[in-house]
Amino acid sequence: MSLVTGVGLCADTDLLTALEEAASKARSECPEPAVVLAFITFNYPAGELAAAANKLSDAFPDAVCAGGQVNGLTFEDERYDAVFANRHAVAVVCFGGDGIRGAAALRPDVSHDNARSLGGTLAQDALAKLGVPAVGGILFGLGLASVPALDQQLVNGVRDVAPRLRLSGTGFCGGMTTEGMNLPGRAFLGRDLVEQGAMLLVLGGSSLRLGFSVANGMKATGRGAFVTKAEGPEIVEMDGRPAKEVVLELLAGDSAEDRAMFEKNPTVTSIEKGVALAAPDIEGEFHWCHAVAMFTPRGGAIDAFGPRKGMGLAVVRIDPESCMDAVGEAAKMLEEDAGGDSFEFTLAFSCALRGFTLGANIAREDAEFRRHVNTRRHLGVIANGEIGCYRHGRPAFTGWVFALMGALAG
């Protein structure tokens, strides 16, 4: 028997009831799972997560059971957004079938000092537990709940141990502050619950075939500059000048009004104007987001996605049409990467920022995906920073994207 999956979702506002009903539906489609993964919107009481972890482990005693808090979910053309609509939902995904193996590792207290080494530890632990060659995995970190963001260091640590491991993923999320900042999410593996942690799930088996892809709809305008000095997440200089001056020139042009808006809040203004900085990928026309989060007192610019000296940053535009077109682009690349066009299960990590760009059209994102891909079951996660692979490239932490993992049927 090849891969068998099951997906269940329940929007009951009682966490344990929702978990039980979602798990029951997933089990009806996949009676003997090797891995059970639960996604829980952050608006359920955090104090009930330990009971949820115990309930899931009791229900699936022979499976690897894991889960955590997320911004929201999409399933069967419904969007359960905890951020903007306060909608509750729990989704449970089961992976099973002859020879399908899964393993997970969880670690608490991710910090600037330990993120890369912790990523390596996650990979070592999960791969040792798996016992067979890994086909791919899902990495859950802090996303944009950490300033500076740490998930690229987690990815680097995983790559130190397993340089060929393909990944998708997002940061867990425990909600947002009134200023719009993400809060770290809670996660569990078995009966162990941690805060500000990271988790790696790896999947393997001789019959398992996975594909990965990522797209965002960003289009280069022809303007750009090079990073000539960087310190951690701060771009200090571009083209030998203070980064703030160059960024404002690139993004605002001659408009004094736009300049004032970018200077006050570059993230919000980038979303409203549909313009940002991004680094071109060597594999094609794709650009990795390097949107400026804030300016520093000395005239630098904070970039959550790992700036480095010598990096070229181009001005890109993204609008509702190109943003939705990215769904089809990611779908096509997923089929190419997996080497097939019929999927047993697909999982999307769609950046919460895409909701700002698409507006009301965000509700048809999954329908647009299914227009391009034949998938038996599909689940979407409203993401907090994303991890994805573009074409044949290695995984990277990014934002404002539609990232996919798909498991082929048969």
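This note walks through the sheet, the aromatic rings and the salt bridges of the structure above.

1. **Before you start.** This is a predicted model, in which local features need pLDDT of at least 70 and side-chain atom pairs count only at pLDDT 80 or more, while totals for chains, interfaces and linings use all residues. Residues are numbered from 1 along each chain as its sequence is written, and side-chain values use heavy atoms, with hydrogens and water left out.

2. **An open sheet.** Look for six strands in the order S1-S6-S2-S3-S12-S13, which form an open sheet with mixed pairing. Strands here are DSSP runs (E, at least two residues), helices are runs of H or I with at least four, and both are numbered from the N terminus. Two strands pair if DSSP finds at least two bridges between them. Strand S1 (4-10) and strand S13 (192-195) stand at the edges with a single partner strand each, so one side of each has no neighbour in the sheet. From one strand to the next, the twist averages 15 degrees.

3. **Inside and across the sheet.** Strands S2 (residues 33-41) and S3 (residues 64-70) run parallel and are joined by seven bridges. Helix H1 (residues 15-29) lies across S1, S2 and strand S6 (90-96), and runs at about 155 degrees to S1. That angle is taken between N-to-C directions, from 0 to 180 degrees, with axes as lines fitted to C-alpha atoms, for helices over the stretch in contact; contact means heavy atoms within 4.5 Å.

4. **Aromatic pairs.** Rings of Phe, Tyr and Trp (its six-membered ring) pair if their centres lie within 6.5 Å; planes under 30 degrees apart count as stacked, over 60 as edge-to-face and the rest as tilted. By this rule there are nine aromatic pairs. One of them is Phe 140 with Phe 349, edge-to-face at 6.4 Å centre to centre and with 75 degrees between the planes. This pair links distant parts of the chain, 209 residues apart: Phe 140 is in strand S8 (residues 134-141) and Phe 349 in strand S24 (residues 342-351). Both Phe 140 and Phe 349 are buried (under 20% relative accessible area; exposed is over 50%, partly exposed in between, with a 1.4 Å probe and protein chains only). Phe 39, Phe 140, Phe 172 and Phe 349 form one aromatic cluster.

5. **A charge over a ring.** The charged end of Arg 27 sits over the ring of Phe 60, 4.2 Å from its centre. The rule asks for NZ of Lys or CZ of Arg within 6 Å of the ring centre and within 35 degrees of the ring normal.

6. **Salt bridges.** How many salt bridges does a search of the whole structure find? There are 25, each a side-chain nitrogen of Lys or Arg within 4 Å of a carboxyl oxygen of Asp or Glu. Asp 160 forms one with Arg 116, with the closest N and O atoms 2.9 Å apart. Here Asp 160 belongs to helix H4 (residues 151-161) and Arg 116 to helix H3 (residues 115-130), 44 residues apart. Arg 116 is partly exposed, at 41% relative accessible area.

7. **One more tie.** In another salt bridge, between Arg 391 and Glu 336, the closest N and O atoms are 3.1 Å apart. Arg 391 lies in the loop between strand S26 (386-388) and strand S27 (396-398), and Glu 336 in helix H8 (residues 320-338), so the pair ties together parts 55 residues apart in sequence.
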